[in-house]
Amino acid sequence: MKRALLLLAGLWLGVSAAPSAGAAQSGAALLTQGVRAYDDLEFDQAAGLLRRALAVQSGEALAPPDVKRALIYLAATELLREHRDSAVATSRRLVLLDPRFRPDELIFPPQVLTLYEAVRRATPVVTGRAPPDTTIHAGSEELAMRLYASAFHDITAKLVGEDGRAVRTLYTGPIADSLVLRWNGLDSTGTRAPPPGRYAIAVSSFDRQGRLARIFRVPLELVQVFGRIDTLPHPAPPADSLLWSERQPMGPALRALAPGALAGVAIALLPSVVASGEDASGARFVVGGTVTIAGIAAALSRHPGRAIPANVAHNDTLRAAWRRDVDDVARRNAARAREAMLGIRAGAPVVLTPEGP
Amino acid sequence: MRRALIFACAAAACVPAVAVRLHAQSRWEVSIGASGAREIVRSRPASTRERRSGLVFTGEAVATRGRLIARLRYGQGHVTADTGTPLLPRRDVVEGEALVGYKARPWLTLWVGPHARTFAVSGVSDRRWLFWSGRATARGSLFPGRVESFVELWQGFSGRLSRPAGSATGRGAEAGLELRLARRPLWARLAYRIDQGRVAGEPRETVEALTLTVGYVPLR
């Protein structure tokens, strides 16, 4: 009986130990077996082993350097199996994973190197890494992030809000091998820091035809460490009630014209009012015409519509004072922004492909 | 006629003396002026029409204190029959007014007082119109302190005609332009005047005039 119990215990231990040995084989071991099969020119077997190695998702998954190694071996294997499309797709996957990766020229044959180089040049993408947690004086210090490009192409880098709205454009232009992207902590006005919250640095890569190819996105969380990020409102422009009329109004001219015109008309009508039926002489037209002309001359002497230099100067003074106040507020806001400490926490970057690979 | 002329000359001579005395009281403003007018007189005795014209020269004096104002005018001349009108005797014309007024507004003055006009023909008794009237004068400034337009309307509320004797009604108007020279106490006026007197059941008489007046303000 005791012997039987020992046998059962031995069997149970053996069954328990078996799965861990299998999992270790499906990780780095599969990669090793795949590479060995590639070296033995057993390409079909190598392809299967390498795909299995890349498919492992558990704790025994390949480390990032091994993933890149598995991908380049798989691309070479597929090319040598004359599966060119599969080789291209695998190479593109590797470029997106690490745009700076280059295959070992001593290991892989020239046709593999040529294929990978062609895929790399046709796959515009950048990668980079931001400091995971940093603090800067907004306006006077900078967050620096180095970008690496797969090939020479045009990019646009923006700080965007959660809703995708651009807060500030950081860079627009070409990138060759690498580029240092800098942000001083201020928004597009250049005078204030954006309010605390979730943002992202989005780097859009464009192909040779100018079409958006990929977006490299680094999530950022902005926190206010100390100081004031909020800004003073700009002063309102001078109210209309404070501004003087810059043109001579029509009122005085009309008030000068009215007595002349009314008296002129009245004089012409006097005979019909006072002595209807009489043939009045033309003397009334002489006097009435004279009075009317005098009224017109009086109206014109008021120069309706002409600029009033003194009022223009007064209004210019008010507007200049308002502009000075606006500039002063802008300066004070900039000073506040400079004094504010901005905490920046960067998340894990992702590469988005809008139209697929 | 001669008596009236003597009275007019005496009145004109007295104005400067009165002005000097008023100057001592300082709140008075006095203005004197002389005018020449071409008058056209249209008469309708019975069914006929008569038209005469001629020159009439007038002197005037205006005294103002606060809102109160007084105006005296006296003029004389003669009118003769116009060409084309049947031969009519020449008429001497003597006319005058004595008004007191009140400045209800800076632009409005109300007047009351008598005015009269006499036509004299040698060998015939005088024909005199006498009215007690109320007037209103409105003024408007074209160039402030320099040029004003004015319109004056009057309505007689009591009147008499001496020949043929009877009560009369009348009304009239005067309007024109008044100019004051800058920094000089001189002024001028161009005006058109028309008035008409009627007697019930009798003919009417209409007088038109184009007047040019120059004046002096000895006291301001």
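**The contact and its helices**

Mentor: The contact draws 25 residues from chain A and 24 residues from chain B, where two residues are in contact if their C-beta atoms, placed from the backbone, lie within 7 Å. This is a predicted model, in which local features need pLDDT of at least 70, side-chain atom pairs count only at pLDDT 80 or more, and totals for chains, interfaces and linings use all residues. Residues are numbered from 1 along each chain as its sequence is written, and chains are lettered from A and ligands numbered from 1 in the order in which they are written.

Trainee: At what angle do α6(A) and α7(A) pack?

Mentor: The angle is about 170°, and their axes are 7 Å apart. Axes are lines fitted to C-alpha atoms, for helices over the stretch in contact, and angles run from 0 to 180 degrees between N-to-C directions. α6(A) is therefore roughly antiparallel to α7(A); angles under 35 degrees count as roughly parallel, over 145 as roughly antiparallel, 65 to 115 as roughly perpendicular and the rest as oblique. The contact of α6(A) with α7(A) has 18 nonpolar, six polar and one charged residues.

Trainee: Where in α6(A) does the kink lie?

Mentor: At A268(A), shortly before the proline P271(A), there is a kink of about 40°. The bend at a residue is the angle between axes fitted to the seven residues ending there and the seven starting there. With 24 residues, α6(A) reaches 33 Å from its first C-alpha to its last, close to the 34 Å expected at 1.5 Å a residue; the expected span is 1.5 Å times one less than the number of residues.

Trainee: What do the buried residues of α6(A) pack against?

Mentor: They pack against α7 of chain A together with β6 (127-143), β7 (147-161), β8 (166-180) and β9 (186-199) of chain B. Among the buried residues of α6(A) are L257(A), I267(A), L270(A) and P271(A). A residue is buried if 20 or more other C-beta atoms lie within 10 Å of its own, exposed if 12 or fewer, and partly exposed in between.

Trainee: Is E95(B) buried or exposed?

Mentor: E95(B) counts as buried because it has 24 C-beta neighbours inside 10 Å. This residue lies in strand β4 (residues 91-105) of chain B. Leaving aside neighbours within four places in sequence, E95(B) is in contact with G75(B), A116(B) and R117(B).

Trainee: And what about G54(B), in which strand is it found?

Mentor: G54(B) is in strand β2 (residues 50-65) of chain B. With 19 other C-beta atoms within 10 Å, G54(B) is partly exposed. Its C-alpha is 6.8 Å from that of I40(B), 14 residues apart in sequence.

Trainee: Next, the backbone. Which peptide bond is cis?

Mentor: The bond from R163(B) to P164(B) is cis, with omega near -10°. P164(B) sits in the loop between β7 and β8 of chain B. Most residues other than glycine have a negative phi, and most peptide bonds are trans.

Trainee: What is the phi of L41(A)?

Mentor: L41(A) has a positive phi of about 65° although it is not a glycine. L41(A) lies in the loop between α1 (2-39) and α2 (43-55) of chain A, and is exposed, with 9 other C-beta atoms within 10 Å.

Trainee: And H303(A), where is it found?

Mentor: H303(A) is in the loop between α7 and α8 (309-339) of chain A. H303(A) has a positive phi of about 50° and is partly exposed, with 13 other C-beta atoms within 10 Å.

Conventions
Helix = DSSP H or I, 4+ residues; strand = E, 2+ residues; numbered from the N terminus. Nonpolar A, V, L, I, M, F, W, Y, C, P; charged D, E, K, R; others polar.
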